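Colleague: I have the sequence and the structure open side by side, and I would like to go through them with you. Could we start with the ligand?

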Amino acid sequence: MNNSMSNELQNNLDRLHTTDLGLNRIRKNLDLDISDIVGWCKQKVLTAEDIFRQGKNWYVNCDNCVITINARSYTIITAHKRKQTAVDEVAVSSLPNPNTKHPVPGFPVIYVKPTITRPNIIVGDFTYYSGEDFESRVTHHYEFYGDKLIIGKFCQIAADVEFIMNGANHKMDGASTFPFYIFGWKQDVPPLSDMPHKGDTVVGNDVWIGQNAVILPGVHIGNGAIIGANSVVGSNVEPYAIVVGNPAKTVRKRFDDELIALLQEFRWWDKAIDEIQELIPLLHDNDLGRVKQEIERRLAK
Ligand SMILES: CC(C)(COP(=O)(O)OP(=O)(O)OC[C@H]1O[C@@H](n2cnc3c(N)ncnc32)[C@H](O)[C@@H]1OP(=O)(O)O)[C@@H](O)C(=O)NCCC(=O)NCCS
């Protein structure tokens, strides 16, 4: 574990503190019978197996516990024993770890989840972006707007894809769309309720988004969809549809309705990591009759 994010936490070690409630919580959750809880946590930060930041917090993985630290105030919020999760099994079996920033050493591709710092972006395990800075591709995204970008697991996001969020929209029900108030003109800031607001942007699981595609505010993209390179997606995309162009339109569905329904029910992306490893031959089998049979068999179990 040696990256700039974890260095930032380690370099600010002396700012770590907690509250009385925090002290009690940590003692109770970890069955610790020591007085210097903060000193104990500092030691763990220095020797952690892995530190990553998500939303407002740092998460420090050490021994069999996870310590949660507020990234702005450096308050140790809590610590709890680590459940034996799929991710832990990965560490044992050396399967891919979704908390690694660079899953392919020397290759400019990142797992997005461990790089997220904004609380209004939520990304699932193993979704990758072909580039170094995913958050810079999520534009006009202001916390006070309250809109979220929610992306599922195992999505493949090509270079220079852009998610335009609601803060990009100008008021457009008057004669002019010019935002005078931003540029120092005498104008009251219009209330948010007067601004066009299309809601959260939601991308399902196993979605492939081609290079340079632009996803407009409020769009929902179903599981397994494919977005063609350079497309501009302004309306919702059905699960397992292929959409291309500007405005993006469906060129075809990837599979028949029966297989799409089976895949939607099977939700392979939610399985344990070792089970996903075992499923890979099925997920890449192009004999779709056989795939249907096998998914039906597994769903019937
Ligand atoms: C969408 C895509 C996957 C092709 O899907 P496909 O089902 O094989 O589509 P086809 O090649 O049969 O094309 C179907 C139609 O859509 C058009 N089309 C395909 N991709 C298009 C795109 N990105 N933009 C506009 N039109 C596109 C084709 O010209 C064709 O039009 P026609 O029916 O009038 O001849 C592919 O074109 C694409 O955009 N891939 C993204 C690649 C990429 O960005 N990779 C990044 C690295 S991971």
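Modeller: Gladly, and please keep in mind that this is a predicted model. Sorted by class, the shell around the ligand is made up of six nonpolar, seven polar and one charged residues.

Colleague: Which residues are the closest to the ligand?

Modeller: The ligand is surrounded by 14 residues, and the closest of these are A158, G210, Q211, G228 and A229.

Colleague: And which strands each supply at least two residues of that shell?

Modeller: Those are β18, covering 241–244, and β19, covering 249–253, each of which supplies at least two residues of the shell around the ligand.

Colleague: How do β18 and β19 run, and how many bridges join them?

Modeller: β18 and β19 run antiparallel and are joined by four bridges. One of the pairings links V243 to T250, which is its bridge partner in β19. Together β18 and β19 form a hairpin, with four residues between them, and in the turn G245 has a positive phi of about 95°.

Colleague: Is β19 buried or in the open?

Modeller: β19 lies largely in the open, because the number of buried residues among its five is zero. To count as buried, a residue needs 20 or more other C-beta atoms within 10 Å of its own.

Colleague: Let me change topic to the open sheet. What is the order of its four strands?

Modeller: The order in this open sheet of four strands is β6-β9-β12-β15, and the pairing is parallel. β6 (121–123) and β15 (220–221) stand at the edges with a single partner strand each, so one side of each is left without a neighbour in the sheet.

Colleague: What about β9 and β12, how many bridges do they pair over?

Modeller: β9, residues 149–151, and β12, residues 201–203, pair in the parallel sense over three bridges. Within that pairing, L149 has T201 as its bridge partner in β12.

Colleague: Now a single residue, K56. Where is it found?

Modeller: K56 sits in the loop between β1 (50–54) and β2 (57–62). It is partly exposed, because 15 other C-beta atoms lie within 10 Å. If we leave out residues up to four places away in sequence, K56 touches N70, A71, R72 and P119. R290, on the other hand, is 234 residues apart from K56 along the chain, and the C-alpha atoms of the two are separated by 45 Å.

Colleague: And H80, which strand is that in?

Modeller: H80 belongs to strand β4, which covers residues 76–81. H80 is also partly exposed, with 15 other C-beta atoms within 10 Å. Apart from neighbours within four places in sequence, H80 is in contact with N29, C65 and V66. The C-alpha atoms of H80 and I26 are separated by 7.0 Å, although these residues are 54 apart along the chain.

Colleague: Stepping back, which domains does the domain assignment give?

Modeller: The domain assignment gives domain 1 (3–81), domain 2 (110–254) and domain 3 (258–300). Five residues from domain 1 and five residues from domain 2 take part in the contact between these two. On the side of domain 1 that touches domain 2 there are one nonpolar, two polar and two charged residues. The centres of domain 1 and domain 2, taken over C-alpha atoms, are separated by 33 Å.

Colleague: Last one: where does pLDDT stay under 50?

Modeller: That happens over residues 87–92, for which the model has 11 contacts beyond four places in sequence. For the chain, the mean pLDDT is 91, and 94% of the residues reach 70 or more.

Technical notes. Residues are numbered from 1 along each chain as its sequence is written. This is a predicted model: local features need pLDDT of at least 70, side-chain atom pairs count only at pLDDT 80 or more; totals for chains, interfaces and linings use all residues. A residue is near a molecule or strand if its C-beta atom, placed from the backbone, lies within 6 Å of it. Ala, Val, Leu, Ile, Met, Phe, Trp, Tyr, Cys and Pro count as nonpolar, Asp, Glu, Lys and Arg as charged, and the others, Gly among them, as polar. A residue is buried if 20 or more other C-beta atoms lie within 10 Å of its own, exposed if 12 or fewer, and partly exposed in between; C-beta atoms are placed from the backbone. Two residues are in contact if their C-beta atoms, placed from the backbone, lie within 7 Å. Two strands pair if DSSP finds at least two bridges between them. Domain bounds come from an automatic or database domain assignment. pLDDT is the predictor's confidence in each residue, from 0 to 100.
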